[in-house]
Amino acid sequence: MSVERTTAVGGMETSYGFKRVGAGEKQSLVNDVFHKVANRYDLMNDLMSAGLHRLWKDAMVTWLNPPKRPGWSVLDVAGGTGDIAFRIVEASGRNAHATVLDINGSMLAVGRDRAEKKGLTANTDFVEANAEELPFTEATFDAYTIAFGIRNVPRIDVALAEACRVLKPGGRFLCLEFSEVDMPLLDKVYEAWSFNAIPRIGKAVTGDGEPYSYLVESIRKFPNQQNFAAMISRAGFDRASFRNYSGGIAALHSGWKL
């Protein structure tokens, strides 16, 4: 497509999908998207990834490798429904404590209900707050995770700096996000599926295709793997690296606060 990705220099803060918006306008628009899809969040990710997001999230938690001991804590940002947090708690043998932070109250309401049904209320808490201004003191958490949420944050550089601030020395940053496909032919097939099929299916299933149009456009605007890794390093993380999944449809980025 002729639309170019943003780079490590920035640009997502004024990009609502392919539309350019004024400074400070993006957050309320994104909030409206997630109020609409909160109850269909898993379905949304199934549509966006053909169901592969479940495997990628499992791989994310495996790479994190949360210890099976009490006292270890993780902050899961933009994770309102608890999808990643619950996986982490279970992988730790229900020893870890996960703080789920999201700016969207509708998403958090879904997560609280799920935590209660899973019997994980003692291992989780839910905080409504902005990733750009975390309500925690420095060096609070052992790990920071964010899955398919960073591209919806207007000022990504600020959110990354906040992630580094709240991590303890030796803390781990992991970010799973849709990225740039690096396989010939697959990139054409994936792009055609994303822009032609997903909004139509979303409208057929939920009655509203607009949120899905924004979501696929935001993927296309997000910095590619190398540029995002550069942003992570610039925020203060060491040993920034990434792993591609499914030919780069998704990428898992890692960094350490050393």
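Predicted model: local features only at pLDDT ≥ 70, side-chain atom pairs only at ≥ 80, totals over all residues.

The buried residues of α4 are Asp83, Ile84, Ala85, Phe86, Arg87, Ile88 and Val89. An α-helix has 3.6 residues a turn, so residues three or four places apart point the same way. After α4 comes Gly93, which has a positive phi, near 70°.

The sheet comes next. It is open and has 7 strands, in the order β5-β4-β3-β6-β7-β9-β8, with mixed pairing. At its edges stand β5 (124–128) and β8 (238–245), each of which pairs on one side only. From one strand to the next, the twist averages 15°. Strands of a sheet pair through backbone hydrogen bonds, either parallel or antiparallel.

Two of these pairings can be followed in detail. Strand β3 (residues 73–77) runs parallel to β6 (residues 141–147), and 4 bridges join them.

How many of the 12 residues of β7 are buried? The count is 9, so this strand is largely enclosed by the rest of the structure. In a regular strand the side chains alternate between the two faces of the sheet. Helix α9 (residues 225–234) packs on the sheet and touches β7 (167–178), β8 and β9 (250–256). The direction of α9 makes about 155° with that of β8.

A disulfide is a covalent bond between the sulfur atoms of two cysteines. A search of the whole structure finds 0 of them. The cut-off for a disulfide is a pair of sulfur atoms within 2.5 Å. Seen from Cys175, the closest cysteine sulfur is that of Cys164, at 14 Å, which is likewise too far for a bond. Cys164 is buried, with a relative accessible area of 9%. Cys175 also counts as buried, at 0% relative accessibility.

Now to the spaces. Rolling a probe the size of a water molecule over the atoms shows where empty space is left. The largest pocket has a volume of about 280 Å³. It is lined by 14 residues, of which Arg5, Val181, Asp187, Glu191 and Arg220 are the closest to its centre. Helices α7 (186–206) and α8 (210–221) each supply at least two residues of this lining. The largest share, 6 residues, comes from α7.

Cavities are a separate matter. The structure holds 3 cavities of 30 Å³ or more. The largest cavity contains about 230 Å³ of space. Its lining has 20 residues, and those nearest its centre are Ala78, Asp102, Ile103, Gly149 and Asn152. The elements that give two or more residues to this lining are α1 (26–37) and β4 (97–102). Helix α1 provides the largest share, 4 residues.

Two single residues complete the tour. Where in the structure is Glu210 placed? Its place is in helix α8, one of the helices that supply the lining of the largest pocket. Glu210 is partly exposed, with a relative accessible area of 32%. Not counting residues up to four places away in sequence, Glu210 touches Tyr16 and Lys36. Glu210 and Met107 are 103 residues apart in sequence, and their C-alpha atoms are 18 Å apart in space.

The other residue, Thr14, lies in the segment before β1 (15–16). Is Thr14 buried or exposed? Thr14 is buried, with a relative accessible area of 16%, and the cut-off for that label is under 20%. Leaving aside neighbours within four places in sequence, Thr14 is in contact with Lys19, Arg20, Val21 and Ala23.

Notes. Residues numbered from 1 in each chain as written. Heavy atoms only, no water. Pairing = 2+ DSSP bridges. Axes fitted to C-alpha atoms, helices over the stretch in contact; angles between N-to-C directions. Contact = heavy atoms within 4.5 Å. Buried < 20%, exposed > 50% of the residue type's maximum accessible area, 1.4 Å probe, protein only. 1 Å grid on protein atoms, 1.4 Å probe; cavity = no way out; pocket = protein on both sides within 12 Å on 5 of 7 lines; lining within 4 Å. Points joined across faces, edges and corners; volume = space filled by probe spheres on them.
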